[in-house]
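Student: Before we go through this model, could you set each value against the cut-off behind it, and start with the surface?

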Amino acid sequence: MELDFERCYRAVDSRDQRFDGWFYTGVTSTGIYCRPSCPATTPKRQNVRFFPSAAAAQTAGLRACRRCRPDAVPGSPQWDVRADVVGRAMRLIADGVVDRDGIPGLAARLGYTERHLHRMLRAEMGAGPLALARAQRAQTARTLIETTGLGMAEIAFAAGFGSVRQFNDTVREVYGRAPSELRTARGRSVTPGGAGTITLRLAYRPPLHARALLDFLALRALPGVEEVRDGTYRRGLRLPHGPGEAALTPADGHVSATLRLTDMRDLAPAVARCRRLLDLDADPTAVDGTLAADPALAGAVAAEPGIRLPRSVDGFEMAVRAVVGQQVSVRSARTTLTRLLTHLHPPIPNPGPGDVDQEVRAPGERSREPEPLDRPAEGVGSGEGAERVGRLRGFPTAEEVLGVPDEVFGMPAGRRETVRALAGAVADGSLDLAPGGDREETVRRLLALPGIGPWTAGYVAMRALGDPDVLLPTDLAVRRGAAALGVPADPRTLDTYADRWRPWRSYAVIRLWRAG
């Protein structure tokens with residue numbers, strides 16, 4: 001990514017928060033790097049360098065500013081929406097693929113050699129995959145140091161470091177302090193939340209229309225998997241090292257996230273998936289600016305700025321939802337999916353007061369309980385919804401869905417076989433619905449499955465793969481919304497008209513759904 005010095009310096013001089021995460025400011029005279037909105041005195045031009053990533057700044061020998069916390073800014077919108085190899089690599093690194101599978105695993109997922117992948121990331125990000133993963137480990141370690149009472153050795157391995165020495169050296173280099181000093185400098189005690197529970201703040205670029213997000217998720221919430229209550233969205237997570245649960249509450253300038261994890265190594269993947277679900281790395285100013293240029297949408301954008309594109313934490317889940325939702329109402333699709341979930345995951349009875357809380361496993365340690373998250377954690381949640389925490393599960397796997405009897409599906413035979421074909425393709429690895437998958441290739445393979453057409457493939461691309469530029473012109477609710485806003489409602493005419501909304505047509509779809 002090319003960084004224009006004058007434009008970047010003007011952003012720094014004005015402390016423009018809109019550019020946080022787009023680039024990082026390195027100050028050679030002090031040896032630190034900052035976010036563009038850092039409140040410190042603007043450095044002299046001759047002492048400034050700009051970097052496309054925190055990892056690039058760290059590679060140049062700079063440490064993170066203790067005042068503006070550049071490691072805690074929203075992610076770059078560019079890498080969040082780009083469909084090329086670098087964008088896919090960044091999403092996979094954020095999901096912890098390098099920590100789990102190493103650079104060979106990342107390269108294999110992307111279909112490139114390690115050498116070529118390193119060359120592409122260096123050219124665009126200013127750092128290779130190892131440095132990018134190392135920067136993420138450092139941020140994860142700092143979160144654990146400041147928000148948990150875990151010992152430093154536990155934190156080192158939970159954050160993905162290979163040794164305690166590597167952990168200590170990296171934290172000192174990135175933050176200019178020893179891990180113990182970071183914990184002391186925080187100056188406050190850790191809020192008790194039960195074993196395996198972490199509460200942290202997920203930053204975003206304002207504005208954020210939180211009510212629209214919660215309305216959308218509440219309408220489609222599946223019992224036993226997710227729920228919306230008292231302004232908080234909760235859902236079960238299926239993470240690389242075990243099940244988990246997230247409680248997400250939008251607040252001013254951030255989303256408060258309480259994560260309950262079986263294994264602390266899943267912190268970074270859990271955070272990445274929650275950010276993706278709520279579209280927290282989006283640039284709402286850019287999106288709204290494009291859509292508001294159309295007089296038909298200008299009023300809706302002014303009335304509800306910051307509408308996000310609700311995505312998913314599980315690509316297979318979203319694909320099944322899309323197939324089940326073909327030509328039926330949202331309520332009908334929810335009923336069918338609830339029947340499927342009830343068969344695979346029967347409701348968990350209310351736990352008794354004597355149940356023991358789950359333990360936090362060290363990396364590689366086997367749990368003593370088969371389903372530790374079925375039990376409540378002391379101190380998590382409060383009031384009416386407290387007993388529900390720990391009772392939400394992730395969506396079933398493709399292998400589980402393949403074993404469901406015909407009579408349980410409760411849908412036409414053709415659609416049932418489409419769900420099975422989809423599950424089979426995911427189970428055998430021929431279909432990749434992960435955030436790092438190739439969007440064009442994934443859509444092509446979806447369309448090759450029996451019973452999947454352009455609407456279903458487009459819905460999956462929009463919500464599972466995060467494609468920001470998908471239009472669903474044949475969708476009935478989209479057409480109703482278009483008619484309500486004075487936009488052509490005929491699918492062919494709408495498809496042509498919507499060219500003015502590029503590259504944010506997915507966000508226009510969300511607005512049309514709300515208008516309809």
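Tutor: The protein chain exposes about 21800 Å², of which carbon and sulfur atoms supply 51%; accessible areas here come from the Shrake-Rupley method with a 1.4 Å probe, and for residues only the protein chains shown count as cover. This is a predicted model, in which local features need pLDDT of at least 70 and side-chain atom pairs count only at pLDDT 80 or more, while totals for chains, interfaces and linings use all residues. Residues are numbered from 1 along each chain as its sequence is written, and side-chain values use heavy atoms, with hydrogens and water left out.

Student: How do you know that C34 is in no disulfide?

Tutor: A disulfide is a pair of cysteine sulfur atoms within 2.5 Å, and a search of the whole structure finds zero of them. For C34 the nearest cysteine sulfur, that of C65, is 3.9 Å away, so C34 is in no disulfide. C38 is likewise in no disulfide, the nearest cysteine sulfur, that of C68, being 3.7 Å away.

Student: What makes C38 count as buried?

Tutor: Buried means under 20% relative accessible area, exposed means over 50%, and partly exposed lies in between (1.4 Å probe, protein chains only). C38 has a relative accessible area of 7%, and is therefore buried. C34, at 8%, is buried as well. In the protein chain, buried residues make up 54% of the 516 residues.

Student: Why is the set of 114 residues called a nonpolar core?

Tutor: The term is given to a set of buried Ala, Val, Leu, Ile, Met, Phe, Trp, Tyr and Cys residues joined through side-chain atoms within 4.5 Å. The largest such set has 114 residues, and those with the most contacts inside it include L202, F316 and W501. Helix α15 (residues 315-324) gives the most to this core, with seven residues; helices are DSSP runs of H or I with at least four residues, strands are runs of E with at least two, and both are numbered from the N terminus.

Student: Which residues does L202 touch, leaving aside those up to four places away in sequence?

Tutor: With contact meaning heavy atoms within 4.5 Å, L202 touches L248, H254, V255, A257, V271, C274, R275 and L280.

Student: How many helices and strands are there in the protein chain?

Tutor: There are 24 helices and nine strands in the protein chain.
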